[in-house]
Amino acid sequence: MNTAIYFVARGVVAFLQALPLVWVARLGRAGGALAFWLDARHREAALKNLALCFGHEKPAAEIRAIAKENFRRLGENFACAVKTAAMSSAALRPHFDFAGVEKILPHETGTGPQSRIMAIGHFGNFELYARFGQFMPIFKCAATYRALEQPALNRIIVSLRERSGCRFFERQTDGAALKAAMSGTGLLLGLLADQSTKGVRLPFLGHECGTTTAPAVFALRYNCPLHTAICYRVGLAKWQIEAGDEIPTRESGRSRPIADIMRDVNHAFEIAVRRDPANWFWVHRRWKD
């Protein structure tokens, strides 16, 4: 069974990577629209989450329309992530740019870039975060991930990500290697910060939920500036990653409370969600009991 899954998935990857990116985006949107009707569990999760956050300010028809578009976006993003993984930087450039890069570049001429922590989330084609280093080679990009339970699918995901030039660390097994990497300079470490976890309970879009402390902990432990980065969809098969302002981790030379730092991260994510509600991962159970 594992071998069969592997070869089927490899066939899908090869098919998508053989098509032009815009075709892949349209195909993904069609698949997402179909999934909205067929995948009742995730459809209901998205509608429930949207109603929880926006039910007091948006009518039910608008919430359902956002959910439908969200499924189309998810299909587009997943399909395009497969395609963009095999594209060169030159081929990708017309479809992908950055905003706010000046916020993370060295402020003094002739100095190397300081390592920074980037709190990232499931916005847009979030696999593109890993490509930043190919366009700004003064930085080395890194990210953490959790291996999939299905080994065949995990091998495919890892093989796709390896082409990005970003270094990926498995959260449970690569702790020592990640610690060693943090001792250098010029590292941009992306840490997903919008999933439900046992960290700290903090408000997000008006309701408390479990929030990871990892971005704040890493920023304080390694004395790195902390930023958010959001991937926005700006058109069919077009995205822009926007770096946020530095989030203060110290006041008067003393560390800020970790909960306060992560509250600022959540607030930045809230602004991004409200700017384009269909751009976020509403099918995730962010607000668990």
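Does Phe-204 count as buried or exposed, and at what relative accessibility? At 0% relative accessibility, Phe-204 counts as buried, where buried means under 20% relative accessible area, exposed over 50% and partly exposed in between, with a 1.4 Å probe and protein chains only. The model shown is predicted, so local features need pLDDT of at least 70 and side-chain atom pairs count only at pLDDT 80 or more, whereas totals for chains, interfaces and linings use all residues. Residues are numbered from 1 along each chain as its sequence is written, and side-chain values use heavy atoms, with hydrogens and water left out.

**View 1. The stacked pair of Phe-204 and Trp-287.** The structure holds 17 aromatic pairs; rings of Phe, Tyr and Trp (its six-membered ring) pair if their centres lie within 6.5 Å, and planes under 30 degrees apart count as stacked, over 60 as edge-to-face and the rest as tilted. Phe-204 and Trp-287 are stacked because their ring centres are 5.9 Å apart and their planes stand at 15 degrees. Phe-204 belongs to strand 6 (residues 200-204) and Trp-287 to the segment after helix 10, so the pair ties together parts 83 residues apart in sequence. Helices (H or I, at least four residues) and strands (E, at least two) are DSSP runs, numbered from the N terminus. Trp-287, at 12% relative accessibility, counts as buried.

**View 2. The tilted pair of Phe-218 and Tyr-222.** The ring centres of Phe-218 and Tyr-222 are 5.8 Å apart, with 35 degrees between the planes. Phe-218 counts as buried at 15% relative accessibility, whereas Tyr-222 counts as partly exposed at 22%.

**View 3. A ring cluster and charges over rings.** Ring pairs link Phe-54, Phe-204, Trp-280, Trp-282 and Trp-287 into a cluster. Lys-58 lies over the face of Phe-54, at 5.4 Å from the ring centre. The charged end of Arg-275 sits over the ring of Tyr-232, 3.6 Å from its centre. A charge sits over a ring if NZ of Lys or CZ of Arg is within 6 Å of the ring centre and within 35 degrees of the ring normal.
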